[in-house]
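Work through the exercises below with the sequence and the model open. Each task is followed by a solution in steps.

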Amino acid sequence: MNKNELSKAAKLLFDLRLNKSGLSNLPSEFLPDSIEEAYLIQEELKILNISLNNNKIIGKKVGCTNKAAQIQINVHEPFYGNLFSTYSSESNCIIQSKNFFGPFIEPEFSFKISKTLDISDAPYSINQIYNVIESVLPSIELVDSRFNDWKKVGIYNLIADNAVNAFWIYGKEINKINDINFSNHEVTLSINDKIIEKGNSSNVLDNPINSITWLVNTLAKQGRALTKNSYISTGTCTSAISIKKGDKICANFGTLGKVNFLFL
């Protein structure tokens, strides 16, 4: 796929998001046939997104770090996308349902890193990554796709579509992380005050810091670095749960606090 085709594929995905519409698949001439092409389309889509007024990249999301999520969309490895300032908000917010096409929610451990990681030092170990974590944040990723049935279109299309990230809702940053057992921390997801599913940090590659480690080392292989003050949403602790207009959402992370929003 040449540069022009990559740009056209990204423009199609960008316009579909702005128009809140979908399609069954990308036109054949725009279909990525490798992970490399998928990420190149994502890069073109990133450029279009940051052309929006006051929009900027604030970090990365990692998807499919959870076996249930992998089964749900028939993929076998993680992938990443970008978090944008325009598509993020603090907890206790109202999110307009009209801005989404087919939304799902995922409760996730998010982290902020304290320094830019030199790609020449990769691969990094989980202990090295742990030492550059500045804070942890309870969060919910709202995922949404430009594809009518995003569970069946395959990993290349999902990567191209910014790893189906649509919005990121975050709670209070917690700097004291040494007392937190990231290998076993329960999360409860409720909709309209009814518990829908219980999850655990162990569902995220056994420990969500493994997710950051995977991300850093994958970016390094691509010649890219995770920069200082980046936020990383590490992947869902539950399966992806669909939501509808009028829903009141709460993810309870116990000692880390709650994340709430209204989907109106």
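**Exercise 1: Aspartate 193**

Aspartate 193 is exposed, with a relative accessible area of 65%; buried means under 20% relative accessible area, exposed over 50%, and partly exposed in between (1.4 Å probe, protein chains only). The model is a predicted one, in which local features need pLDDT of at least 70 and side-chain atom pairs count only at pLDDT 80 or more, while totals for chains, interfaces and linings use all residues. Residues are numbered from 1 along each chain as its sequence is written, and side-chain values use heavy atoms, with hydrogens and water left out.

Task: find where aspartate 193 is found in the chain, and which side chain meets aspartate 193 in a salt bridge.

Solution. 
1. Aspartate 193 is found in the loop between β8 and β9. Strands (E, at least two residues) and helices (H or I, at least four residues) are DSSP runs, numbered from the N terminus.
2. Check the backbone: aspartate 193 has a positive phi of about 70°, although it is not a glycine.
3. The partner is lysine 248, and the N to O distance in this salt bridge is 2.9 Å. A salt bridge is a side-chain nitrogen of Lys or Arg within 4 Å of a carboxyl oxygen of Asp or Glu.
4. This pair links distant parts of the chain, 55 residues apart, with lysine 248 in strand β12 (residues 247–252).
5. Lysine 248 is partly exposed, at 35% relative accessibility.

**Exercise 2: Two further salt bridges**

Task: the structure holds eight salt bridges. Describe the one between aspartate 15 and lysine 11, then the one between lysine 244 and aspartate 247.

Solution. 
1. The side chains of lysine 11 and aspartate 15 meet at 2.8 Å, N to O.
2. Both residues lie in helix α1 (residues 3–18), four residues apart, or about one turn of the helix.
3. Aspartate 15 is partly exposed at 25% relative accessible area, and lysine 11 is partly exposed at 38%.
4. For lysine 244 and aspartate 247, the N to O distance is 3.4 Å.
5. Lysine 244 is exposed, with 53% relative accessibility, whereas aspartate 247 is buried, with 3%.

**Exercise 3: The largest pocket**

Task: state the volume of the largest pocket and what lines it.

Solution. 
1. The volume is about 320 Å³. On a 1 Å grid over the protein atoms alone, a pocket is an open set of points with protein on both sides within 12 Å along at least five of seven lines, and lining residues have an atom within 4 Å of a point. Grid points are joined across faces, edges and corners, and a volume is the space filled by probe spheres set on the points.
2. Of the 16 lining residues, the closest to the centre of the largest pocket are Ile35, Glu36, Tyr39, Thr218 and Gln222.
3. α6 supplies the largest share of the lining, five residues.

Definitions and conventions:
On a 1 Å grid over the protein atoms alone, a cavity is a set of points where a 1.4 Å probe fits but cannot get out, and a pocket is an open set with protein on both sides within 12 Å along at least five of seven lines; lining residues have an atom within 4 Å of a point.
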